[in-house]
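Please look over the sequence and the structure below before reading on. The notes after them are grouped by topic.

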Amino acid sequence: MPNIPPTSQSSTSTSSFPDTPLRTPPSDPSSSSPLIVDVSHAPVFADAITQVKEETEVPVASAPHITAVVDSLEDLEHLVLSDDPEHPANMIPELCREFYKLGWVTGTGGGISIRLNDHVFLAPSGVQKERILPEHIFVLPFSQSSIPRPGSKRDMLRIPKKLGLKESACTPLFWNAFTMRNAGACIHTHSQHAVLLTLLLGKKAESFKMSHQEMIKGVRIGGVGKTLRFFDTLEIPIIENTADEEDLTDGMAEAMRKYPDAPAILVRRHGVYVWGNTWEQAKTQAECLDYLFEMATKMLSLHLPLVGDN
Ligand SMILES: CSCCC(=O)C(=O)COP(=O)(O)O
Ligand SMILES: [Zn+2]
C-alpha cells in the first residue's frame, strides 16, 4: 500500500512521497518524471498540448491503460495547487480527514470525488485517505473518450508524481453520479450505520424506506432536485456487493435508472454512495442520510416501524 505522508510535512518524515510544499510548485527543471495524459479528447487543454515536448509511448506499470506521455509534470501542477481553500484539490484532503473522524473512510476505503466543470478530481486508491495531500490528487477530464468502466482506459489530465498511485477504484461509480444525475460531487462511505442497516433489513430487501423524520428534509429528490418534505417517504435502493469495487458500476447504474428519485445507493455489507449538486450538498445529504441510517438501525432493533407515524 502506498505510504501517504503526515499532513504536517515533517522534515523527519520517512515517507516515500516527495515532500512537496502545498502551495509551492516544484521548480527543479531536472525533474523529468513523466506526466501521463491522453489529452486528445480535452480540447479545453489545448495549452497543455502545446507544452508536450515529446510524445512517446512508454510502458507504465501502474497505468497500462494510459496512452500518451507528457515529459513535464510541473506544467499541470496548477490543476491541484491553489491558494483557494475551497479548490477541489484542497477540499478532498480536508473532507477525507473529516470523514475519517466519522468512521466513513477508515482503512483506506471510501472517499469523495468533486467535479468542477470539465475537471474531475479524485483521490488515489488504497491509501490512508485522511493523510492525502493536494499533490496526490488525480485530475481527469469529464469528457472521456469512453466511460471509465472497470478495466477500461481513462483519459487523464494530471497524475500524481509518485508512480504506483492509481486513481480510486470508485471512479466509475462516481462517474455514474456525474453522468446520470449531473452531480458535482459524490461521496462513498463505509459507515457502519449504512452497513448494519443493510444487514438488519435482510437479504430480500431491495430498498430502504423511511418517513416522518425531520432529517428527511435535508435530502434532495434524486440527490440534486428539491428537498423532500417531512411526510414524503425516502427510498434508497440496496444493491449486492461485488468482489471488486469497480464491478458495482453496472448494478449502481441499474438501480439509479430504476429509482430516479433516490438520493443515494446502499451497497449491502459495504456502505453507501451519496451525491449532490455540489460538495456542500453531497456532504450535508450524506450527514442527513447517515443520521437516518443510524436512527433506522435503532428503530429496527426496537421493532419500531420505519414508515408512518405510529
Ligand atoms: C478496505 S477498502 C476496500 C475497497 C473499497 O471498498 C473502497 O472503497 C476502495 O476505494 P479506493 O478509493 O481506495 O480505491
Ligand atoms: Zn468501498
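The scores for the model are ipTM 0.99 and pTM 0.80. The protein donors of the zinc ion (ligand 2) include E245, and E245 is also among the residues that come nearest to ligand 1.

**Confidence**
- Averaged over the chain, the pLDDT is 82, and 76% of the residues reach 70 or more.
- Residues 5–74 have a pLDDT below 50, yet this stretch has 119 contacts in the model beyond near neighbours in sequence.
- Where pLDDT is low, the predicted coordinates should not be read in detail.

**Ligand 1**
- There are 14 residues around ligand 1, and S125, G126, S168, A169 and E245 come nearest.
- The shell around ligand 1 consists of 10 polar, 2 nonpolar and 2 charged residues.
- A polar side-chain atom of S168 is 2.7 Å from an oxygen atom of ligand 1.
- The backbone also takes part: a polar backbone atom of G110 lies 3.1 Å from an oxygen atom of ligand 1, and a backbone N or O atom of T108 lies 3.3 Å from an oxygen atom of ligand 1.
- On its own, ligand 1 has 410 Å² of accessible area, and the protein covers 74% of that.

**Zinc ion (ligand 2)**
- The protein donors are H188 (NE2), H190 (NE2), E245 (OE) and H270 (NE2), at 2.1 to 2.6 Å from the zinc ion.
- Along the chain, the donors follow the spacing H-x1-H-x54-E-x24-H.
- Why is the arrangement around the zinc ion irregular? The 6 donor atoms subtend angles of 66 to 171°, and this makes the arrangement irregular.
- For six octahedral donors, the ideal angles at a metal are 90 or 180 degrees.

Terms used: Residues numbered from 1 in each chain as written. Chains lettered and ligands numbered in written order. Predicted model: local features only at pLDDT ≥ 70, side-chain atom pairs only at ≥ 80, totals over all residues. Heavy atoms only, no water. Near = heavy atom within 4 Å. Polar contact = N/O pair within 3.5 Å; in protein donor to acceptor, adjacent residues only side chain to side chain. Areas by Shrake-Rupley, 256 points an atom, 1.4 Å probe, with all protein chains shown as cover. Nonpolar A, V, L, I, M, F, W, Y, C, P; charged D, E, K, R; others polar. pLDDT = per-residue confidence, 0-100. Contact = heavy atoms within 4.5 Å. Donors = N, O, S within 2.8 Å, 3.2 Å for Na, K, Ca; no water. Tetrahedral: all angles 85-135°; square planar, octahedral: opposite > 155°, others 65-115°.
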